[in-house]
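Have a look at the sequence and the fold, then read on.

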Amino acid sequence: MTTSPTRIAIIGAGPAGFFAAEALLKRDDPVAIDMINNLPAPYGLVRDGVAPDHQAIKSVARVYAKLLARDEVRYFGNVTLGEDVTLEDLRSRYDQIVYAVGAQSDRRLGIPGEDLAGSHAAMRFVGWYNAHPHFRNETFDLDCEDVVVIGNGNVAIDVARILVLSPDRLATTDIADHALAALRKSRVRRVTLLGRRGPAQASFTNPELREFGRLDGVSATVDAAELELDDASAAEIEDNAVRKRNMNTLRGYAEAEPGDGDRVVRFRFLVSPVEVVGKDGKVCGVRVERNRLVAQEDGYQRAEGTGLVETLPCGLLIRSVGYRGAPVPGVPFDERAGIVPNDGGRVLALADGPEVVPGEYVVGWAKRGPSGVIGTNKADAAGTVALMAEDRGAGVTAGRRSSRADDLPRLLERRGVRWVDKEGWARMDACETAAGEAQGRPRVKFCRVPEMLEAAGAPR
């Protein structure tokens, strides 16, 4: 007797969604997976978040492409949960639902002047230079010499690097054409990165930090006094190889002679922004307070203001203080943590309650918050998939699945949704890569949804 496959909907087609699909397909249980994505193109942050000059990191998309080609997997791009389909539509068609929706909004600083013209969230800048359709029409005033980037993570480093990298180097990548045109006219010469804690607590990875020492025309600098570690910070890096390498790299920048280039990236530590300063409604600087580190009972080093304040001039401020989840219609949401409340990956009805929503699961940033690198999602997804298998064995499902389980395409057609299947994505992909090949680039991305749908041949 042939066992009917478990029908599974994965909401989101980024790294977390694909790693969940991979883990599901590796199990012995037969499955039929539908990946439902709100953008026409798949791959999430691999396409829309990884910096364009880091093509090696994007090579993981080849793994995702193989998964997408599997007969057990269907793709529904340009379909938004809560707009084109409802949660009830899914519950009546699938045995299990996996939310892989990422973290789609930004954290705020909560200081005066944050909303002045010229103050932007890093996620918008990253989306803009990566051709994300939602950020195509953003504008960033690059007609200034000084930029301040608030944050000490890899996103902050990416932003700083893109601002100082040679436009000719960027022209060999898949950066958005509109961003490349704007960066060719840029007057930016100095980028300062601000960290509220010390260099021992900075969260960037060493390869990204080291890159600044190898960029033509760019000098990296840091004040040696800001690299002095208290006893607690010295102990914190003692058994942490990454942070130890970061300290060595930063000390090298502090000791190096100024380079010949006209662009400078400066690292500042133990400073917190307290006010964005404006003139005529536009950013002209940021007021920062000097901090000291205070050890907590759990060993965490908390930044505490000293009252010493200075103002740094800048014409553009980019806030890279973290991503945050956004609620999805009908799906439980923990407002405080910015995630889908869950117990190991099983969705909970309430953030502070024990009740599990049967047959519904979460993976990736929506599960644990915006932490880790792309590969972190693999083990994370495997943990959730193990619970899914356990629940299938116990007969726990999402609800009232009917014989209409295969009719999602017909439902979308009735509602007039122009969706992209995996053949359509293949056509779009071929168009982008052909355009890129003609220019000596990996691809030239479409950055407007109508263009993407036309290239995909999505039915009207």
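## A glycine in a loop

G364 sits in the loop that runs between β18 (356–362) and α13 (365–368); helices (H or I, at least four residues) and strands (E, at least two) are DSSP runs, numbered from the N terminus. This is a predicted model, where local features need pLDDT of at least 70, side-chain atom pairs count only at pLDDT 80 or more, and totals for chains, interfaces and linings use all residues. Residues are numbered from 1 along each chain as its sequence is written, and side-chain values use heavy atoms, with hydrogens and water left out.

Is G364 buried or exposed? With a relative accessible area of 0%, G364 is buried. Buried here means under 20% relative accessible area, exposed means over 50%, and partly exposed is what falls in between (1.4 Å probe, protein chains only). Leaving out neighbours within four places in sequence, G364 is in contact with A16, G369, N377 and D380; contact means heavy atoms within 4.5 Å. As for T384, 20 residues apart from G364 along the chain, the two C-alpha atoms are separated by 9.7 Å.

## An arginine tucked inside

Now over to helix α7 (residues 154–164), where you'll find R161. R161 counts as buried too, at 0% relative accessibility. Setting aside residues up to four places away in sequence, R161 touches A51, D53, H54, E211, F212 and L215.

Which residues of helix α4 (residues 61–68) are buried? They are A61, Y64, L67 and L68. Looking down the axis of α4, these buried residues fall within an arc of 110 degrees, so they line one face of the helix. The arc is that of the directions from the helix axis to the C-beta atoms.

## Stepping back

The chain has 17 helices and 18 strands. Its radius of gyration is 23 Å, close to the 23 Å the globule rule gives for 460 residues, so the chain is as compact as a globular protein of that length. The radius is taken over C-alpha atoms, and the rule is 2.2 Å times the number of residues to the power 0.38.

Of the 460 residues, 54% count as buried. Among contacts with a separation of 6 or more, residues 24 or more positions apart account for 74%.
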